[in-house]
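Please open the model in your viewer and keep the sequence panel beside it. The tour below begins with the whole chain and then moves to two selections.

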Amino acid sequence: MAKLPKYRAKKSLKIPGQKPAASAKEPTKKIDVKIHLLEQEIKFAQALAGHEPKAQGKVLKNLKKWLSLRSKSSYPFTDKDFLRLWKGLYYAMWMSDKPLVQEQLAEDLGALLHCFPTPEISLQFYAVFLESINREWFGIDQWRIDKFMMLVRRVTRQGLVVLRDNEWNLELVKLFRNAFKKHIFGQSHVSVGLAMHFLDIYIEEVAKVSQGNIKKAAVTSLIRPFITLLATLTDTRITSAIVKNIFNNLLQQSDLGRQHREKYEAWKSFGFPTSSIDDLEMVEDESDADVEENGEEAASEQVALDPRAGRVNVVLPELKFNPRAILDALEKLLYASDTKSKARKRIKRIMENYEKFVQGIFPLGIHTVPRIEEEYAKQPSVDDKITEMEDYEKELLNSTKLLKSLTRGERRKFMKSGVTIEEFVAQLQKKPKPSKSLLQQLNGMNGGSVEKKRKKKTLKRKITAPTFTEEPHDPWQEPLQEGEQEYFVPSMKRRLEVVNSESTVINPFAVKKAKKAAKKVKQLETPGCSSAKKKVRIAVEMNTSQDTAEYLRQVRSSPQIPYDSDKKPSKSLLKPNLIPGPINPYYKRKINFT
């Protein structure tokens with residue numbers, strides 16, 4: 001195979017007295033440097049997206065050195081540069097497996113914030129991390145969500161460590177709070193899961209990193225964006241989480257909150273002996289104080305930031321804050337024009353709680369329990385209740401029997417009396433019945449008026465029917481006398497028939513119809529037979545039995561024989577389809593439905 005000839009560019013002719021054009025080479029150098037840096041960033045992102053932990057460790061070490069050198073150069077980092085790097089770091093976390101490997105990788109990614117010479121660049125790197133994780137949050141499945149939640153916690157912790165190393169500078173605090181306010185809560189589509197997780201870990205991580213050594217003004221500055229979010233956000237899930245995890249959590253982790261929690265546990269263990277929790281008093285022993293001091297000295301040596309097996313609980317120190325400053329910030333937003341009506345109600349409730357806290361009263365939790373009197377607190381025996389129910393059942397049955405025994409008048413008197421049925425029956429039984437001697441005395445005093453009255457009543461009640469000794473007199477049965485004549489008056493029906501027969505005209509059409517109806521009746525009647533005498537004759541001379549061969553021949557000729565496979569049915573079982581089926585549009589042949 002013949003070799004191709006080699007070519008090279010011609011050298012430009014040197015013109016004496018002319019200087020070379022230096023301005024044309026400078027922009028090409030800058031472009032080459034930017035392309036080279038972009039190539040390095042892409043290489044790091046591709047190398048970090050692998051699934052081998054050893055290779056990832058080597059790449060992370062090289063990345064730390066490259067970040068520290070690049071940040072000191074004349075080509076500063078931009079947000080796009082950090083986005084490309086975090087894309088690779090995100091997939092490095094995506095591909096990592098096993099809990100310990102994932103935890104170590106999350107720590108290494110959080111430690112990248114300390115590779116930069118200035119805290120501003122570190123916070124810029126943290127802000128881009130929140131932007132990228134918010135963008136990718138919707139694509140994380142349920143099997144990987146835990147490790148990414150751990151990654152958010154660890155990187156946020158290292159961002160707070162940067163603020164702690166700079167003594168909680170308020171300007172750096174503003175950069176930090178603007179980062180999560182913009183990239184988590186300030187987006188058009190807020191990822192609710194990421195927002196809720198961030199609210200859960202925020203106060204905890206501030207307490208862990210600060211260990212209680214933080215200025216009150218810094219705490220107020222860290223909480224200030226949540227005050228504005230309360231007034232502007234419309235999602236009630238996020239606003240209620242802000243109230244619970246930020247404002248209420250601050251009150252619960254204070255000294256008043258801790259004392260109330262200890263009091264409640266003691267009150268509960270005693271079985272709520274009093275109606276109010278304020279009836280209890282805290283008593284501290286000297287031995288307990290010595291144990292607490294020794295425990296604090298031992299805890300100061302090693303501080304656990306995350307729970308482990310064998311060291312389950314993590315001690316969260318108290319965050320001291322200024323409730324008055326928080327009240328002033330809430331009051332400013334309470335009457336702002338952007339604040340909504342529902343947000344105003346929520347802000348008023350928070351202000352009421354903080355005003356009570358300023359007065360030394362813990363506003364949250366249970367303070368009173370309704371007390372039950374001793375009479376109601378005694379539990380009655382089951383046997384006593386059974387006997388009471390049986391007695392009550394007997395009383396009901398007895399009262400119904402007594403009511404049935406009374407007359408109507410006695411029942412009316414009982415309804416008007418207003419006493420029990422037993423008392424009323426007893427009153428009726430106490431009344432003595434009048435004896436014969438008493439009746440005689442009354443008759444003697446009144447001159448026999450009682451007996452006369454009773455006789456009159458009996459006379460009124462005895463009503464006898466009239467008796468006829470002779471037959472009643474009927475004048476119509478007497479014979480006619482001289483000069484009397486007897487006339488017969490026909491009935492109205494008879495008179496109408498006579499009048500109609502004389503005055504009516506026969507309708508010829510009606511006569512024709514009547515003749516036709518008579519003909520039909522004659523045709524229906526059997527000739528020579530009258531309805532009075534009917535005879536039925538049954539002729540059995542022509543009856544004969546069917547031969548067996550003839551029967552088999554008829555059965556075989558029948559089309560409905562199930563066992564004959566050769567016999568074709570006279571009619572098909574399928575119904576004929578009157579409407580034709582759909583025609584294939586790709587079949588071009590013409591079909592005539594004729």
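This is a predicted model: local features need pLDDT of at least 70, side-chain atom pairs count only at pLDDT 80 or more; totals for chains, interfaces and linings use all residues.

Switching to a cartoon view shows 23 helices and zero strands. Among the contacts in the chain with a separation of 6 or more, 68% are between residues 24 or more positions apart.

Next, select residues 192-210, which form helix H8, together with residues 236-252, which form helix H10. The axes of H8 and H10 come within 9 Å and cross at roughly 5°; because angles under 35 degrees count as roughly parallel, H8 is roughly parallel to H10. To see how the two helices meet, show the side chains of Val192, Ala195, Met196, Leu199, Asp200, Tyr202 and Ile203 on H8, and those of Arg237, Ile238, Ala241, Ile242, Asn245, Ile246 and Asn249 on H10, which together make the contact. By class, this contact of H8 with H10 comprises 10 nonpolar, two polar and two charged residues.

Finally, move to helix H6, residues 145-165, and select Gln158 within it. Is Gln158 buried or exposed? Its relative accessibility is 14%, and since the limit for buried is under 20%, Gln158 counts as buried. Apart from neighbours within four places in sequence, the residues in contact with Gln158 are Glu107, Gly110, Ala111, Leu113 and His114. With His114, the side chain of Gln158 forms a side-chain to side-chain polar contact of 2.6 Å.

Methods. Residues are numbered from 1 along each chain as its sequence is written. Side-chain values use heavy atoms; hydrogens and water are left out. Helices (H or I, at least four residues) and strands (E, at least two) are DSSP runs, numbered from the N terminus. Contact means heavy atoms within 4.5 Å. Axes are lines fitted to C-alpha atoms, for helices over the stretch in contact, and angles run from 0 to 180 degrees between N-to-C directions. Angles under 35 degrees count as roughly parallel, over 145 as roughly antiparallel, 65 to 115 as roughly perpendicular and the rest as oblique. Ala, Val, Leu, Ile, Met, Phe, Trp, Tyr, Cys and Pro count as nonpolar, Asp, Glu, Lys and Arg as charged, and the others, Gly among them, as polar. Buried means under 20% relative accessible area, exposed over 50%, partly exposed in between (1.4 Å probe, protein chains only). A polar contact is a pair of N or O atoms within 3.5 Å; within protein, one must be able to donate a hydrogen and the other to accept it, and residues adjacent in sequence count only if both atoms are side-chain atoms.
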